[in-house]
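Have the structure open as you read.

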There are 2 protein chains.
Amino acid sequence: MSIQNSEIRLSARPIGMPTMETFQFVDIDMPTPRDGQVVLKLLYLSVDPYMRGRMSDAKSYVAPFEVGKSFEGEAVAQVVESRHDRYAVGDIVFGRLPWRRYGLSDGHGIRKLDLSIAPMTAYLSVLGTTGLTAYFGLFDIGQPKPGETVVVSGAAGAVGMTVGQIAKLCGCRVVGIAGSDAKTEYLVQELGFDAAINYKTQNLHTALKEACPNGVDVYFDNVGGTVTDAVLLRINDDARIPVCGQIALYNLAKPEMGPRLLSQLVVHRALMKGFIVTDYQPRFPHAIRHLASWVRAGQLKYKETIVEGFENVPDAFLGLFRGENIGKQLVKVADPQ
Amino acid sequence: MSIQNSEIRLSARPIGMPTMETFQFVDIDMPTPRDGQVVLKLLYLSVDPYMRGRMSDAKSYVAPFEVGKSFEGEAVAQVVESRHDRYAVGDIVFGRLPWRRYGLSDGHGIRKLDLSIAPMTAYLSVLGTTGLTAYFGLFDIGQPKPGETVVVSGAAGAVGMTVGQIAKLCGCRVVGIAGSDAKTEYLVQELGFDAAINYKTQNLHTALKEACPNGVDVYFDNVGGTVTDAVLLRINDDARIPVCGQIALYNLAKPEMGPRLLSQLVVHRALMKGFIVTDYQPRFPHAIRHLASWVRAGQLKYKETIVEGFENVPDAFLGLFRGENIGKQLVKVADPQ
């Protein structure tokens, strides 16, 4: 039986919401390693909202995907053939890899995972970019203090649920905003959030007033749009607002209109700051030690929504914008050998 | 001849733009000082955009003006009668005073001015709240570095022109946005701005692109609205945006709609922060020493638009929103004795 190889390419830049046609599956040859190269078999890949930005050609902090070329993203893979000194067949590695069942690597940009600390998927969620995004956004910009109220939007997403739990460890009152009762129940009952609001069924203004009787000191924004409008009206003096994502806006062909609320920043001398987790790279090891210790102590839970099958990557990606995932959305491409 | 006394009261809370009827002139008795009190004769008073906020009863960083009671604001006055140990007849003082030709003070909240450093009106502009607002917003939030591009909106206003000149002292490229050719010419020819844009007659997007070939590193925002929309589309990575005022919005009965642009903060990991100058009070003396030294060295010019006559206070205030002033808008109430 000959092994099939294939990759997923960007067929054309989407305008508005991407569709299944945005993703093109192409059969390709199995790679042959030269000296100093390994063959990587993709096991798990991460689909993330920020990837929508890379589908456009607007100038941004990461280069856009190229039309007709493979997507790429964080993934876990296994070395299945090695002509590289430092990698042996069977090694499980992490890297930013093409969406390709089997690919080549010269070892640059990949690293071996220590599976004694956590299962491999954790390196795509709580011990990966997700956990680090929560960690640096919350600590460096949000700077929560015990007794303060922290509100998180996109709270049942991978970043949001991590933010909320860390804020609880800091002694804060934590309020999550999410899009279904299953999510809000999960946040309160499983993760210990003090309150959670379903923005699709509840009146946000009333619910925020009730859930945040002392106002909002930190607002960790993953979504933007009307949810953010509502929270901005409840901020306290000296509020800090890490702007992590604006998923509500990513698929708009042109900027949506919303009420101008910058006066709130003046009145409350509030700080709002965007950030990009890779800027904190030198501090990743330190942060991962913290995150891992909380995970081991059972103080930081993580959750994954795993779709099976390489062919289901597009649907898993599109599901992010339908709010289908609780926790980190991953795709399982293959079992390790 | 008996001396007339009068004060200006808030007649009713305005909805939208205040009118002449918002201001009620009332004849009142001449004050009689008790032991420990002085009588102050108002000489100059400052009218400022932020006072619009105090006309509403929305919760804010300063208590609202009370309906039926006198307005108040920064003013320079002269002691014309004294039963206070530390004040003598003739002293020129600064304070946050009622809009009242003659008033009483127990010395609390006023301070004697040293007119050997600067003329008395400077304490209502470049050496007063105006200069301090420019100083702390620019240095603490904007953090300009030599070679960076600093854009200032409301650039021909008292705060804006101070920001621009200080940024020039820092070695920055400085671009001002203002509302008339007289203003933009003044900024470039008199104050040394590198470029100035008339937002009423020029295409902001094109003009900004031309004036800021290397993008925008610091945007000192005094106005908000469409001007801010345009600048946000030109910010560089790590941009800093002190949000000082939103004069374009102060007279709106309800929030205006504008494009949602927070994604710009994420993409450029930009910082946006509101601030209130009084929060920096402990550092005022230090800042005033800097400002005064630049003024003395001729490196920091200031300009005042002075309207004569207590009866013209309302018109001077309303003129702020018609963009009539270049530099600090003051009202001269009386000559010193």
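Start in chain B with helix α9, which runs over residues 313–321 and holds B:Ala316. Keep in mind that this is a predicted model. B:Ala316 counts as buried, its relative accessibility being 4%. What does B:Ala316 touch, once neighbours within four places in sequence are set aside? The contacts are B:Val47, B:Val307, B:Gln329 and B:Val331. Take B:Val331 from that list: it sits 15 residues from B:Ala316 in sequence, and the two C-alphas are 7.2 Å apart.

Now for the nonpolar packing. The largest core takes in 108 residues, and A:Leu187 and B:Leu187 have the most contacts inside it. Another core lies apart from that one, with 54 residues that include A:Val216, A:Leu232, B:Ile177 and B:Leu208. Going back to A:Leu187, and again skipping residues up to four places away in sequence, you'll find it touching A:Ala155, A:Ala156, A:Met161, A:Gly176, A:Ala178, A:Gly192, A:Phe193 and A:Ala196.

On to the cysteines. How many disulfides does a search of the whole structure find? The count over all chains is 0. A disulfide is a covalent bond between the sulfur atoms of two cysteines, and the cut-off used here is 2.5 Å between sulfurs.

| Cysteine | Closest cysteine sulfur | Distance | Relative accessibility |
|---|---|---|---|
| A:Cys172 | A:Cys170 | 5.4 Å | 3% |
| B:Cys212 | B:Cys172 | 12 Å | 0% |

So the sulfur of A:Cys172 is too far from that of A:Cys170 for a bond, and B:Cys212 is in no disulfide either. Are these two buried or exposed? A:Cys172 is buried, and B:Cys212 counts as buried too.

Sorted by class, the lining of the largest cavity comes out as 12 nonpolar, 9 polar and 4 charged residues.

Definitions and conventions. Residues numbered from 1 in each chain as written. Chains lettered and ligands numbered in written order. Predicted model: local features only at pLDDT ≥ 70, side-chain atom pairs only at ≥ 80, totals over all residues. Heavy atoms only, no water. Buried < 20%, exposed > 50% of the residue type's maximum accessible area, 1.4 Å probe, protein only. Core = buried A, V, L, I, M, F, W, Y, C linked by side-chain atoms within 4.5 Å. Contact = heavy atoms within 4.5 Å. Nonpolar A, V, L, I, M, F, W, Y, C, P; charged D, E, K, R; others polar. Helix = DSSP H or I, 4+ residues; strand = E, 2+ residues; numbered from the N terminus.
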